[in-house]
Structure formats: C-alpha cells, structure tokens
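Student: Could we go through the strands of this protein together? I would like to start with a single residue pair.

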Amino acid sequence: MNRNQVLPQVQLSTEPSALKKVDFCAPHTYKGAGFLGISDLPRLAEEASAVKAGDGFEWLVETHFEDAPGGEPRQILKLDLKGRLHLICQRCLQDCAVELDERRRFVLVSSETEADDYPMEDEEQEPLVASQHFNLLETIEDEVLLSLPLIPKHPEGFCEPHASVFGGEEADGDAKKQINPFNVLKNMKKNS
Ligand SMILES: [Zn+2]
C-alpha cells in the first residue's frame, strides 16, 4: 500500500518564524509555498550588495514517503527555489541581479550517523537529519547560499558603463574600449 495515501497532508505556514520549527517526525506529509524577502534570511542579507523591490525567493516544499527496498519507507523532501538578489559584479563592481531557479531533493534520515553514512555518490538527493523542530528556514537559506555564483557577473556585455561613456567627446580611450552591448548582440548573431 502506498503510505502517502493514508497519511494526511499538512499545509506549511508561510511565516518565516513557523518555518524554523517543522516536525518531520510526525506521521504526515507537508506541502507549502511562500516568499521570503532578503530580510528574512540574515546570512543572505549580509551577502547582498543592495536590496531592491522584488528581491527574495519563492519557495515550494513538498514531502512524501517512498518505499525503500528492505527497509522503512523513506521520507523525501523536495524544495524548489526561484528568485533574485543583488551582488557586486566582479567585472564592473556595480550591483548585479543574480537570478536563481533551483530544484533540490533530500532524504530525511533519523541521525547524524545515518547522514554521515549516506552514499556521497547519490547525486539525486542529499540527506537531512529529521527532527521534531527542524529548521526549514535555515535549509532554504543554505540552499540559496550554495547556489550563488562564486564570481557574480553581469551577462557578457551588460556591465554598467562608467559615467564618462555618456559624455560623448569627453569619453577617453579607456571608456571607448568598454564593451558595447549592441556590438555584442551583433557578434552573437554572426556566430549563430
Ligand atoms: Zn558588471
């Protein structure tokens, strides 16, 4: 029998504070979705170079049980993240919008030991230690942090030009060497 059919499904709260204490030992599954602003994620707020309207992450969480050969059914947690934050572009040193669209899958295990023993080569899912007061907010923030590019950059050709570029004749040689987004588009067409 499929255990999901007998277990009730509980709606997760969208409140950041409620996400800090989720009971993953209870006999039910979860489903929920919400939005977290940068201010709800303090470690991310430290990384952000600026917070603009709409910055933050939509999250979607779903759990279900899966039969494991020769063992207890395993609880699977699926996490989708989609959103944006601003980091410093390492090319032009201006704010740069970084968009993320991530999908993660975890298996809930009962102890740290079990998590340590979990096969590293399983690339489909990672272990999380289940508890009655599981901090799901922290997990969401961890996943956003892990998904950030090591060297954030605007897309090629879309860096913020220096103010002098707009000065017309005043533009000096250096400014002229700046990448012109229109030329980049032309080149892209040529290469395709
Ligand atoms: Zn840039």
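Student: Which residue in strand 4 is the bridge partner of Leu60?
Tutor: The bridge partner of Leu60 in strand 4 is Asp80. Strands here are DSSP runs (E, at least two residues), numbered from the N terminus. Please note that this is a predicted model, in which local features need pLDDT of at least 70, side-chain atom pairs count only at pLDDT 80 or more, and totals for chains, interfaces and linings use all residues. Residues are numbered from 1 along each chain as its sequence is written.

Student: How many bridges join strand 3 to strand 4?
Tutor: There are 11 bridges between strand 3 (residues 56-66) and strand 4 (residues 74-88), and the two run antiparallel. Two strands pair if DSSP finds at least two bridges between them.

Student: What about the other side of strand 3?
Tutor: Strand 2 (residues 29-37) pairs with strand 3 over 7 bridges, in the antiparallel sense. Gly32 stands opposite Val61 in strand 3.

Student: Moving on, which residue of strand 5 does Arg84 stand opposite?
Tutor: Arg84 stands opposite Glu99 in strand 5. Strand 5 (residues 95-109) and strand 4 form an antiparallel pair with 14 bridges.

Student: Which residue takes a positive phi in that hairpin?
Tutor: Leu93 does, with phi near 60 degrees; the hairpin has 6 residues between strand 4 and strand 5.

Note on methods: Helix = DSSP H or I, 4+ residues; strand = E, 2+ residues; numbered from the N terminus.
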